[in-house]
Amino acid sequence: MSSSSPVAINPAALPAPSGYSHGTLSGNTLYLGGQTALDKDMRIVPGGIVEQFRQAFSNVLTTLAEAGGEPGDLVSITIFLTDIPDYQAHGREIGAVWRELAGAVYPAMAGIGTTALWQPEALIEILGVAVIPDERLRVPQA
């Protein structure tokens with residue numbers, strides 16, 4: 001795909017962005033903006049780190065799918081965490097959620113501790129990069 005400028009990817013299924021895009025497509029590369037565990041009502045889901053991981057990663061995958069991507073197209077994931085020991089303590093459960101949503105696809109990953117995220121109740125934020133093959137790529141019309 002050849003595109004002269006980046007294209008915003010903003011799925012209708014996610015809260016409407018204000019001042020950012022859920023994803024930016026440049027050529028076949030989709031840069032996935034940071035997703036917290038916001039639901040459709042713009043609230044962080046309750047239930048702790050496992051449920052927040054499920055929602056945040058689902059939000060990432062929703063943006064990926066909007067451009068025609070699949071979990072196997074992910075090349076990099078960065079996870080920001082406000083409580084690394086909590087994430088580690090629930091690693092098996094989080095791994096099961098990953099496999100449920102993405103299968104046994106494991107791109108390059110980083111987990112980074114941070115003191116806070118945009119929403120005070122957010123425990124996790126996930127961003128990533130995917131490379132989508134031409135035959136599946138969907139570019140929104142401006």
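## Asparagine 59 in helix α1

Asparagine 59 sits in helix α1, which covers residues 49–66; helices here are DSSP runs of H or I with at least four residues, strands are runs of E with at least two, and both are numbered from the N terminus. The model is predicted, so local features need pLDDT of at least 70 and side-chain atom pairs count only at pLDDT 80 or more, while totals for chains, interfaces and linings use all residues. Residues are numbered from 1 along each chain as its sequence is written, and side-chain values use heavy atoms, with hydrogens and water left out.

With a relative accessibility of 4%, asparagine 59 counts as buried (buried means under 20% relative accessible area, exposed over 50%, and partly exposed in between, with a 1.4 Å probe and protein chains only). A polar atom of the asparagine 59 side chain lies 3.1 Å from the backbone oxygen of threonine 36. The side chain of asparagine 59 also reaches the backbone oxygen of leucine 38, at 3.1 Å. Leaving out residues up to four places away in sequence, asparagine 59 touches Leu14, Gln35, Thr36, Ala37 and Leu38; contact means heavy atoms within 4.5 Å.

## Glutamine 35 in strand β3

One of the residues touched by asparagine 59 is glutamine 35, which belongs to strand β3, residues 29–35. Glutamine 35 is buried, with a relative accessible area of 6%. Its side chain makes a polar contact of 2.8 Å with the side chain of histidine 22. A polar contact is a pair of N or O atoms within 3.5 Å; within protein, one must be able to donate a hydrogen and the other to accept it, and residues adjacent in sequence count only if both atoms are side-chain atoms.

Beyond four places in sequence, the residues that glutamine 35 touches include Leu14, His22, Ala56, Asn59 and Val60. Ile124, Glu125 and Ile126 are also among them.

## Asparagine 10 and histidine 22

Asparagine 10 lies in the loop between β1 (7–9) and β2 (23–26). At 33% relative accessibility, asparagine 10 is partly exposed. A polar atom of its side chain is 2.7 Å from the backbone nitrogen of histidine 22. Apart from neighbours within four places in sequence, asparagine 10 is in contact with Pro17, Ser21, His22 and Gly23.

Asparagine 10 and leucine 64 are 54 residues apart along the chain, and their C-alpha atoms are separated by 9.9 Å.

## Alanine 96 in helix α3

Alanine 96 is placed in helix α3, residues 91–102. This alanine is partly exposed, at 37% relative accessibility. Between alanine 96 and glutamate 66 there are 30 residues in sequence and 24 Å in space, C-alpha to C-alpha.

## The chain as a whole

The chain has three helices and six strands, which follow the pattern β-β-β-α-β-α-α-β-β along the sequence. Its C-alpha atoms fill a box of roughly 45 × 30 × 20 Å along the principal axes. For 142 residues, a compact globule would have a radius of gyration near 14 Å, and the 15 Å of this chain agrees. That radius is taken over C-alpha atoms, and the globule rule is 2.2 Å times the number of residues to the power 0.38.

Of the 142 residues, 40% count as buried. Among contacts between residues at least 6 apart in sequence, 72% join residues at least 24 apart.
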